[in-house]
Amino acid sequence: MRSLNAAGKIYGTSRRMTSTVSTSFTLIPNQKYRRSSRRSKPFCNTVDTDSESLSTLGNFKALPLEIFQMVLKYLSGLLLKRCTLLLPTKERLKYIHKILSEVSCFKLSGCPSPLHCLGLQCYGVFLQTLTAGWDELECHRVFNFLCELSNLPRKVQTVVSSKPGSARKLELRIRLFCRSVLLNHWIHRSDSAFWLTRILKPWPMVNQARLLYIIFGPVSSLNGHVVWQKMTEGPTDETSLKGLADAIKLLYDTEAKEWTADDVISLVDELSVVPREWLMENNARLLILSGNNICFTFMASKAVNGRAVELAKLVVFLALVCEKDLYCMDWAVKMMQKVCKVFSTPGERNNFLQSVENAFAHMIMDMLQSVMSGDRDEEDSSFLNLFHLVNAQANFHKEILYLTMRSTST
């Protein structure tokens, strides 16, 4: 039985968003330069005057791309950062881009086989090394510079305004660029939250939800394309929802200064209809994976907005997910008990509890009718769902009885 307490898998939030790729790289100057003062001639201008025909990649220009990437893997990223230390941020970025632009795999749409290429991951590691210790204003400039170079805003506009899945290759490239270059390599959650905020905040809420799904939603194991129907066609597993849940937790954290609780809850609500309304079971599973605070805040918002019937149905699906995924059922009961305190009058609270019982009864009858009609698939999922739901109801009420007996005996 898996526990949902503070030390469990649901409430713990990772302090690291890292990649397994440890690739970094540098520039090796072909002659030595002496730095006499902060007003000395910029390093990049000195290199430019050596020879117009000489590539900024130097002797590496003659190497095949695959060999070049192997060389980069074993070199420090820090030397280039130190070589450009005295330049203004804008000039440093231009110089760095001049070096990296000759490698097509460092571009958003440059590699013909992006799923099997380490180019963007190398770029991300380099970016993390370069900007480590920079203040937010400088990092804002870095993000704007990268957007200008990659034309990221126009590409995002294309996918969020198109029918989901109609631009699969572009969706994939945006996902890989955002994750590999901007998100995956930060040590501190505050850094990850900063860069994710830069990606999402320029867009209205409906587009933020679409973009969040593109970056963190489930993908095909065959071609890496976003699977848009995963949440609408049937119950999904934790693996398909974990990326979305982690992103939501990241934005909800106090470290994400530009997001209020209402912002995040509205985003979750909007996400649940991308590309169209999700199955309620998938909604419940996402809330459980997102943690106690987000789950309660989401449910409380429904309570105060007069959506008690919808909330009651959600409680039933939370119990069903706890039963299916082997979470402790007392968590669902305690969550319902906490939500009951949000209602302002005993009458509203009693109506909500009655709605929970009605929801259990209606769902069981609907599933029973499906089983009796003989409409079964190869996995006999209708009968299995009914089995889980009946057990969920029994265990849910058992925990209520335990809670009641403990309170009366004290």
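**Entry 1: cavities**

I looked up the largest cavity in this predicted model, and its volume is about 60 Å³. My search of the whole structure found two cavities of 30 Å³ or more. Helices α4 (89–100), α5 (119–131) and α6 (136–150) are the elements that give two or more residues to the lining of the largest cavity. I listed the lining residues: Leu93, Ile96, His97, Leu100, Tyr123, Phe126, Leu127, Leu130, Phe145 and Leu146.

**Entry 2: Asn151**

I went on to the loop between α6 and α7 (152–160), where Asn151 has its place. Most residues other than glycine have a negative phi. Asn151 is not a glycine, yet its phi is positive, at about 60°. Is Asn151 buried, partly exposed or exposed? I noted a relative accessible area of 31%, so Asn151 is partly exposed.

**Entry 3: aromatic rings**

I counted the aromatic pairs and got seven. One of them is Phe194 with Trp195, an edge-to-face pair with 5.4 Å from centre to centre and 90° between the planes. Both Phe194 and Trp195 are buried. I also found that Phe194 and Trp195 form one aromatic cluster together with Phe143 and Trp186.

Then I checked for charges over rings. Which residue lies over the face of Phe194? Arg198 does, at 4.8 Å from the ring centre. In a second case, Lys201 lies over the face of Trp259, and here the distance to the ring centre is 4.2 Å.

**Entry 4: Tyr213**

I found Tyr213 in helix α10, which covers residues 205–216. Its relative accessibility is 0%, so Tyr213 counts as buried, the cut-off being under 20%. I then looked up what Tyr213 touches, leaving aside neighbours within four places in sequence. The contacts are Arg175, Pro218, Val226, Val227, Trp228, Lys230, Met231, Leu244, Leu271, Val274 and Trp278. I took Val227 from that list and checked its distance: Tyr213 and Val227 are 14 residues apart in sequence, and their C-alpha atoms are 9.5 Å apart in space.

**Entry 5: a cis peptide bond**

Most peptide bonds are trans. The bond that joins Val274 and Pro275 is cis, with omega at about 0°. I placed Pro275 in the loop between α13 (261–271) and α14.

**Entry 6: helix α16**

I checked the length of helix α16, which has 17 residues, 308–324. From its first C-alpha to its last, α16 reaches 24 Å, close to the 24 Å expected at 1.5 Å a residue. Why do I call α16 largely enclosed by the rest of the structure? I do so because 12 of its 17 residues are buried. The buried residues of α16 include Leu311, Ala312 and Leu314, and the run from Val315 to Glu323 is also buried, with Phe317 and Cys322 among its members. I looked up what the buried residues of α16 pack against: α14 (280–290), α15 (292–304), α17 (329–340), α18 (346–372) and α19 (381–409).

**Entry 7: Leu326**

Just after α16 I came to Leu326, which has its place in the loop between α16 and α17. Leu326 is not a glycine, but its phi is positive, at about 65°. Is Leu326 buried or exposed? I noted a relative accessibility of 51%, and the cut-off for exposed is over 50%, so Leu326 counts as exposed.

How values were computed. Residues are numbered from 1 along each chain as its sequence is written. This is a predicted model: local features need pLDDT of at least 70, side-chain atom pairs count only at pLDDT 80 or more; totals for chains, interfaces and linings use all residues. Side-chain values use heavy atoms; hydrogens and water are left out. Rings of Phe, Tyr and Trp (its six-membered ring) pair if their centres lie within 6.5 Å; planes under 30 degrees apart count as stacked, over 60 as edge-to-face and the rest as tilted. Buried means under 20% relative accessible area, exposed over 50%, partly exposed in between (1.4 Å probe, protein chains only). A charge sits over a ring if NZ of Lys or CZ of Arg is within 6 Å of the ring centre and within 35 degrees of the ring normal. Helices (H or I, at least four residues) and strands (E, at least two) are DSSP runs, numbered from the N terminus. The expected span of a helix is 1.5 Å times one less than its number of residues. Contact means heavy atoms within 4.5 Å. On a 1 Å grid over the protein atoms alone, a cavity is a set of points where a 1.4 Å probe fits but cannot get out, and a pocket is an open set with protein on both sides within 12 Å along at least five of seven lines; lining residues have an atom within 4 Å of a point. Grid points are joined across faces, edges and corners, and a volume is the space filled by probe spheres set on the points.
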